[in-house]
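User: I'd like to go through this one and check the labels against their criteria. Can you show it and start with a hairpin?

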Amino acid sequence: MSSSAVLRRSLAQVSEVFSLSDAEQESLATPSVPLTQKSGGSVSFQSVAKVYASSSGAVHALDGISLDIPAGSIFGIIGRSGAGKSSLLRTINRLEKPTGGRVVVDGVDIGTLGEADLVALRRRIGMIFQHFNLLSAKTVFDNVALPLKVAGVRPAEIKQRVTELLALVGLQDKHHVHPRRLSGGQKQRVGIARALATRPEILLCDEATSALDPETTQSILQLLRDINRRLGITVILITHEMSVIREIADQVLVLEQGRIAELGEVWKVFGSPQHDATKALLAPLQHGLPDDLQQRLQSQPPASGHYDVVLQLDYNGEDGLEPDFARIAQALNAQTRLVHGGVDRIQGHAHGRLLLALDGAIALPALSNLTQGPQAIAHRIGVLGYVV
Ligand SMILES: Nc1ncnc2c1ncn2[C@@H]1O[C@H](COP(=O)(O)OP(=O)(O)O)[C@@H](O)[C@H]1O
Ligand SMILES: [Mg+2]
């Protein structure tokens with residue numbers, strides 16, 4: 001039975017009991033939450049486990065996941081391929097049924113929901129995908145209208161809602177276009193509009209920007225952030241692009257072999273990653289050593305002649321500490337040259353690495369004194385090597 005039939009049947013039963021008029025039935029079938037007001041959207045995982053049976057034996061995809069996602073936040077999920085990210089995400093709308101534990105959405109254990117309630121739940125949870133999953137034979141308008149049709153919304157209201165949604169995602173001039181005529185970014189915008197059609201409180205994104213070029217990724221991220229801020233929708237996103245998390249997520253979960261490797265505010269997790277999985281994932285964001293410098297760098301100073309010392313200063317976002325060149329020069333009692341590196345701001349916290357060159361003839365102070373207390377000029381300082 002289709003989801004709309006299920007809903008209609010349950011509505012028919014309700015209206016029999018309460019003698020609802022046709023109009024009242026219609027209003028029940030029609031989402032009527034105003035565009036800007038969202039109260040729900042929280043998700044709580046409680047000891048969630050997922051074991052798949054496969055020909056080569058049981059696969060423990062999720063193992064004892066417990067965490068809370070606050071309503072209205074942007075929550076990032078990262079991890080190596082096969083870590084269990086998609087499995088976890090798909091338990092939220094019950095595309096995957098956990099084999100242990102509970103998933104609680106806005107205080108309701110969704111494992112207890114019957115079929116009709118599950119249909120209603122899925123309407124409150126939109127989802128977008130890496131490959132957009134659009135119907136190629138249908139126009140942009142019809143793709144976005146589909147969930148509304150299934151929900152039994154009146155045609156006039158569908159027209160109004162789809163028009164509003166296509167304007168929201170910047171496709172107001174594409175109503176009658178077919179997906180094959182759209183760019184990847186435009187297709188994902190259709191996917192987003194469709195996901196928002198039933199005014200969900202939660203938007204699930206599984207690698208939603210992975211098929212897009214960097215510039216388009218930026219514009220889709222901007223849109224997701226905008227949707228989160230303007231509509232108050234909880235956005236839960238999986239991505240392998242760490243820059244995506246750095247830019248828009250409030251909290252990040254690092255999954256490793258179905259378990260929580262790290263969890264917390266993005267600036268904290270990214271500022272001082274603890275787990276090997278996190279470090280490996282973040283490596284592309286590091287300001288690594290450029291090749292030419294790497295080749296010239298020596299582990300010992302030369303016996304004679306002029307040389308430079310190269311210092312590495314790391315910033316992890318704690319305590320408002322940022323690179324301050326005047327203080328650095330003063331603390332080191334030397335002129336410094338910035339050789340390489342940079343600082344990113346994550347949620348207002350400076351995070352990054354600087355490589356500084358100093359004249360090797362100058363005596364360095366004890367570096368360990370420069371990472372603590374009011375004297376601190378960085379969170380970590382070390383001698384990287386020497387260049388002649
Ligand atoms: N339907 C399935 N049947 C059997 N194994 C599965 C199924 N779906 C996922 N898995 C396995 O579960 C683990 C986690 O998969 P998945 O959640 O897709 O990870 P990710 O999204 O992090 O790449 C992997 O080992 C994967 O092979
Ligand atoms: Mg996946």
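**Checking the labels**

Analyst: Strand S12 (residues 336-346) and strand S13 (residues 349-359) run antiparallel and are joined by 10 bridges. Bear in mind that this is a predicted model.

User: What makes S12 and S13 a pair?

Analyst: Pairing takes at least two bridges found by DSSP. S12 and S13 have 10, so they count as paired. Within the pair, Val 343 sits opposite Gly 352 in S13. The hairpin has two residues between its strands, and Gln 347 has a positive phi near 50 degrees there.

User: And how do you know that S6 pairs with S7?

Analyst: Five bridges link S6 to strand S7 (residues 202-206), in the parallel sense. The cut-off is at least two bridges, so this is a pair too. Gly 126 faces Leu 203 in S7.

User: Why are S6 and S10 called edge strands?

Analyst: The open sheet of six strands is ordered S6-S7-S8-S3-S9-S10, with mixed pairing. Strand S6 (125-129) and strand S10 (259-265) each pair on one side only, which makes them the edges. On average, neighbouring strands of this sheet are turned by 15 degrees against each other, direction ignored.

User: What is the make-up of the shell around ligand 1?

Analyst: Seven residues are polar, four nonpolar and one charged. Among the residues around ligand 1 are Gly 79, Gly 82 and Lys 85.

Definitions and conventions. Residues numbered from 1 in each chain as written. Chains lettered and ligands numbered in written order. Predicted model: local features only at pLDDT ≥ 70, side-chain atom pairs only at ≥ 80, totals over all residues. Near = placed C-beta within 6 Å. Nonpolar A, V, L, I, M, F, W, Y, C, P; charged D, E, K, R; others polar. Helix = DSSP H or I, 4+ residues; strand = E, 2+ residues; numbered from the N terminus. Axes fitted to C-alpha atoms, helices over the stretch in contact; angles between N-to-C directions.
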